[in-house]
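Colleague: I am new to this structure. Could we go through it together?
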Amino acid sequence: MSTPGTAPDQFARFAVSPARRRKDKAARVTIAAGTAIALVPLALVVYYLLSKGLGSWSPDFFTTDPTGNTFFKSSSIGGIKSAILGTVEIVALASVIAIPIGVGVAVWLVEYGRNSWFANTVRFFVDVLTGVPSIVFGLFIYIVLIVGTGSSYAGYKGSLALALLMLPVVIRSAEVILLLIPGALRESALALGAPRWRVIFSIVLPTALPGMVTGVLLAIARAAGETAPLLFTAATTRNTNLNLGQFMNSLPVQIYNDVTSPTTAVVNRAWGAALTLVVMILLLNLIARLVSRRSRLA
Amino acid sequence: MQTAAMPGGDRSILARSPLARLPDRALRWGLTTLAALILALIVYFFIRLVGEARPAFAHTGVFGFTFDNNWNVSADKFGALPLVLGTLITSALALLIGVPVAVATAIYANELCPLRLRTALTVLVELLAAVPSVVYGLWGIFFLAPKLQPIEQWLADRLSFIPFIGGGAVTIPNYFVAGLILAIMILPIVSAISREVMATVPADHKEAALGLGATRWEMIRTAVLPYCRSGIVGGAMLGLGRAIGETIAVTIVIGDAPQLGSHLFGQGYSLAAVIANEFGEAQGLHRSALFAAGLVLFVLTLLVNGLARVLVIRASRTSEAAAPRVSSGVQPSAGAVAGA
């Protein structure tokens, strides 16, 4: 830094030249502008969701099923009850399948597999799963459970597709948390004579729990917003259906079907459903953040 | 390891009885089986997918399927080139627009931003990832695409001398809008990985640059960016993997025209979109062709993601070797970042 006034000549040769200073300024402004640009779509999406979505929210919107009357007045097109219930049910079953398996594999990777070639192969395949496009999961389930069995779409098939999608997220996030548990904790339990399984169930898992809840909630949030894996597995129906063995509606699929409608009222129903879905996902994200703040590990 | 039981049953008083060791073995082998099952499942799925796609490949040949520019369902022509190119055009566009913005966000958050704003900024960028694909599609087709149309038309008229970019009339759903939506969708992951990699740059390097009299930008250019180049490239590749596989948003805004669009602002199609759009009614050879499209998509994302992982893992390895990190920090695990 040059300090004007005191001894200008002495420090002048250390001063940053105007050209370099200009370049620095320009680069900083460009970077800040890039950051601002990144936030523009978020603001616009949130604004449109609220302004269009809130308009179609009403008590009836949440308590009636969508009807097929798409060419009539907005009052007769119905709401999104079946879609909300379908999403909750499909995602709940997907979580029940994916979470125990995912945590189990993560425990194996950290406690038993470690850096063996087999564990690294499993890690590689889990990474492969992470990259698989969500629609390909839908195709997988379609091949195995619909072509394979000759039966039709069903809610639980959608759950399985979503479970496949959640699995790598659960495994990798749980693995990161389990790795953070100090080895001394395990060793003290082992030194006290506890067998390995007790160490895992009484020491490792309870310590890791808050951290793992975060990863699991984020996985659920991701699965809840997916449309593609449900298109050819759970398909769609308009009526409320609580039986996972049959066709089921869900929020993303409902929105996707409504987008293509020429009727404004139906498109507005899509906006209302989209706002509902985003609020549900944001709630999961919020809870995940609060839990992770309470975790002592992460 | 426990002391082995002595022959004759008189084992050491410290050793567990065989019965007490049973749950341990059960857990160990149970979990190992679970891990092995995942492997088996993926291999099984892949084989089944190849099996379902085989009739289509037999019809036109693998090469013909991937590179014939003729997707005509009613004439039983299944050349997926318009779809493959549509996927590549939109994904390339997403990288072109999304990566500079994402890297700028990461630099700003890590090096320039006031500390108080840093968390808020990262949370906001991560919120972009919480918006479901179908909602981006809805917003894209009813807000973004119509609002952009005049701007795109202006661009298309000005740039008409560049082949494929200018010339024709701008349609509301088109490649460009799809690419833009994808850019928004890959922004959070590219930005998150860039931020993680930039956080591994040793403070010594940055302080050395500043100490030698570098301005802040010169410090970023000479100390930060070269150090995390491969990490950023890896993050961009992971973003590319996402963009290639993204289905619903693209299906809604790309226009679903089964031939190669004449220009950037015209309607097109992509591999994922064709499956989402046509699978419901597809029969016989057509369905097999859609499975084949899924297989091409799968292999494409596999290649891109594999390359990305190698780059990200190498980046975090070199940074760990250069500066052993304190264990309290978040581990720069590529997979975890990709998953979160």
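Colleague: How many residues does the contact take from chain B and from chain A?
Modeller: It takes 70 residues from chain B and 73 residues from chain A, with two residues in contact if their C-beta atoms, placed from the backbone, lie within 7 Å. This is a predicted model, in which local features need pLDDT of at least 70 and side-chain atom pairs count only at pLDDT 80 or more, while totals for chains, interfaces and linings use all residues. Residues are numbered from 1 along each chain as its sequence is written, and chains are lettered from A and ligands numbered from 1 in the order in which they are written.

Colleague: Which helix gives the most to the side of chain B?
Modeller: Helix H1 (residues 18-60) of chain B does, with 16 residues. Helices here are DSSP runs (H or I, at least four residues), numbered from the N terminus.

Colleague: Now to helix packing: at what angle do H3 and H9 of chain B cross?
Modeller: The axes of H3(B) (residues 81-112) and H9(B) (residues 229-245) cross at roughly 140° and come within 9 Å. Axes are lines fitted to C-alpha atoms over the stretch in contact, and angles run from 0 to 180 degrees between N-to-C directions. The two helices are therefore oblique to each other; angles under 35 degrees count as roughly parallel, over 145 as roughly antiparallel, 65 to 115 as roughly perpendicular and the rest as oblique.

Colleague: Which residues meet there?
Modeller: Among them are B:Ala94, B:Leu95 and B:Gly98 in H3(B), and B:Ala236, B:Gly239 and B:Leu240 in H9(B).

Colleague: In chain A, what follows H4?
Modeller: H4(A) is followed by A:Arg114, whose phi is positive, near 45°.
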